[in-house]
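Take a look at the model first, then come back for the tour.

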Amino acid sequence: MIAQLSAALLAALQVAPAPQMDTTLAVAVDGRLQIQNVLSGTVRIRTWDQAKARIAVRAEAKDAVEIRYAEPVLSVRVRPEHLESDVPTDFEITIPRRMSIEASGVEMELDIEGAGGTVAASTVDGTVRVSGGRGTVALNAVEGGVTLTDTEGNIALNSVDGDVSVRRARGVISIQAVDGGISLEEIDSGNVEVNTVDGDIVYRGTLRDDGRYFLSTHDGDISLAVPEGTNARVTVSTFSGELDAAFPISVEGDVDGRRLSFTLGSGKAIVEVSTFDGLIRLVRP
Amino acid sequence: MRDEWTEALSAWLDGELAQADAAELERRLTVDPELAALRDDLQRLRADAAALPDRRPRSDLWPGIEARIRTGGTARQGPDVVRRSKGRTLRFTVPQLAAAAILLLATGGGAVWLAARAGTDARTSGSETALVARGSGPGEAGDLRFASADGTSRTVKASDEAIRQLEQRLADGRGRLDSSTVRVIEESLATIDRAIRRAEAAVEKDPGNAWLNRHLADTKARKVRLLEKANVLATPAT
């Protein structure tokens, strides 16, 4: 009997989920959430219209995570003594919509929805997915893609090995990638600078009269949607690539076949598109 | 493309060129693609400068660089145009324009170091260097772009040296990186190296091509940036 109980207990322990903690506390609606030391795990952040934060954690031990609030900063971090654990630390956090978010981790999967404040996040190995964000949104990933939707402000995204995707964004946009494509859809911006070394670039959005748009890749194709009525001076540069325009253009110059310009309308905006080796497509939206 | 018109470009962009000269320059811009391309480069540089947030990078290298920007550096060669934008003095010189080799190094923290090196080189050679600081995302050092009078060789030399030192630092610290991170970084560095080799081969065939030179410089700057990131990852937390 004892042996049977021991076996059952052992089995239960083997399948038992990691200990959980679940805390709710009052916070300032425009405060800041800091998540640190996530060596491995997922961080899921949602927002609500309440002046409180709920933090649910699944971790190696009940005391593996330290939560501190010193207005206006809500700090959530894995305690250093638990950093060597093989058990991932998973977070489910709900915060006031306007709260700013800072999160950093190593093998961290980050998923944020409904952010209404600034967002700064970085992970070494994992994807970063953010919906929302206002003010400054800066997302970094080394191995993993970055996806950003429904955001507004100064947007700075970096990925070393992974694709970057932005949809429904307004503001100043700067994106850097190395091994990965970059896709921008439904963009409303007068200041866009995008480049990658090995990957395609797609841009579909405004080309404002007072705007500046720089799209560059070394090895990849570029597709740029040029709305009817655009007023821009467009410069296209390529070493061994090609240009394919879906509408008539009147080329003003051709430097060794590698750089040419043309003017659309009054030519107010600056548009530069370059690929060392790839196809440049100018399309209608 | 004659030097006098490259010289006039900067004044024209500032609206300071006499009406007759402006009209002639505008006519030339329609027939001289190299001049037109240079105008585009200048416009881009100026637009960058105008968009500068007045923020300091975290690097402690900044005071020296900033001092160099504000004092204009060294002895001048020929006429120049000085403009102030949000508190920064920008200098565009004739040799830079004539060379049509405005090298825009768009990098992060690495560029601070890189530009500092380049600036030092420029000082010792007595040539003119224009520095433009440019902010980027939060938590990042401000970007620095520089345009060097005798451009490409110095830029490439400076970036090569930066790369060499950063690679050495990374080699020393790679043991602190996870193996999969090392793999990703090495693969990405290999991607950039391939791009650099191809750009170098293209520049060798067409050394006077401003766009190719800029592309090469940009690609090397990207390697500097990646190495910087990798070194940050390999640095033990304090």
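**Two helices side by side in chain B**

In helix 8 of chain B, residues B:T181, B:I185, B:S188, B:L189, B:I192, B:A195, B:I196, B:A199, B:E200, B:A202 and B:V203 meet B:L212, B:N213, B:H215, B:L216, B:T219, B:K220, B:R222, B:K223, B:L226, B:A230 and B:L233 of helix 9 of chain B. Two residues are in contact here if their C-beta atoms, placed from the backbone, lie within 7 Å. Helices (H or I, at least four residues) and strands (E, at least two) are DSSP runs, numbered from the N terminus.

This is a predicted model, in which local features need pLDDT of at least 70 and side-chain atom pairs count only at pLDDT 80 or more, while totals for chains, interfaces and linings use all residues. Residues are numbered from 1 along each chain as its sequence is written, with chains lettered from A and ligands numbered from 1 in the order in which they are written.

- The residues of the contact between helix 8 and helix 9 of chain B divide into 13 nonpolar, five polar and four charged; Ala, Val, Leu, Ile, Met, Phe, Trp, Tyr, Cys and Pro count as nonpolar, Asp, Glu, Lys and Arg as charged, and the others, Gly among them, as polar.
- The axes of helix 8 and helix 9 (residues 210–234) of chain B come within 9 Å and cross at roughly 165°, which makes helix 8 of chain B roughly antiparallel to helix 9 of chain B (angles over 145 degrees count as such). Axes are lines fitted to C-alpha atoms, for helices over the stretch in contact, and angles run from 0 to 180 degrees between N-to-C directions.
- The crossing of these two helices of chain B is left-handed, the term used if the near helix is turned anticlockwise from the far one by less than a right angle.
- B:G175 sits in the loop between helix 7 (151–173) and helix 8 (179–205) of chain B. B:G175 counts as exposed because it has 8 C-beta neighbours inside 10 Å; a residue is buried if 20 or more other C-beta atoms lie within 10 Å of its own, exposed if 12 or fewer, and partly exposed in between, with C-beta atoms placed from the backbone.
- From C-alpha to C-alpha, B:G175 and B:A234 are 7.8 Å apart in space, and 59 residues apart in sequence.

**The two chains in outline**

- Chain A has one helix and 22 strands, and buried residues make up 48% of its 285 residues.
- Chain B has nine helices and four strands, running α-α-α-α-β-β-α-α-β-β-α-α-α from the N terminus on. Of its 238 residues, 46% are buried.
- Among contacts between residues at least 6 apart in sequence, 45% join residues at least 24 apart in chain A; for chain B that share is 74%.

**Nonpolar cores**

- A nonpolar core is a set of buried Ala, Val, Leu, Ile, Met, Phe, Trp, Tyr and Cys residues joined through C-beta atoms within 7 Å. In the largest one, of 98 residues, A:L139, A:L148 and A:L215 touch the most other members.
- Helix 9 of chain B gives the most to this core, with ten residues.
- Apart from this core lies another, of seven residues, among them B:A8, B:L35, B:A36 and B:L38.
- Leaving aside neighbours within four places in sequence, A:L148 is in contact with A:V130, A:V137, A:L139, A:I155, A:L157, A:V166 and A:A169.

**Backbone points in chain A**

- Most residues other than glycine have a negative phi, and most peptide bonds are trans.
- The peptide bond from A:E71 to A:P72 is cis, with omega near 10°. A:P72 is in the loop between strand 4 (65–70) and strand 5 (73–78) of chain A.
- A:D150, in strand 11 (residues 146–161) of chain A, has a positive phi, near 50°. A:D150 is partly exposed, with 16 other C-beta atoms within 10 Å.
- A:E186, in strand 13 (residues 182–198) of chain A, has a positive phi near 55°. With 14 C-beta neighbours inside 10 Å, A:E186 is partly exposed.

**Around A:G199**

- A:G199 is in the loop between strand 13 and strand 14 (201–205) of chain A, and is buried because 24 other C-beta atoms lie within 10 Å.

Definitions and conventions:
Angles under 35 degrees count as roughly parallel, over 145 as roughly antiparallel, 65 to 115 as roughly perpendicular and the rest as oblique.
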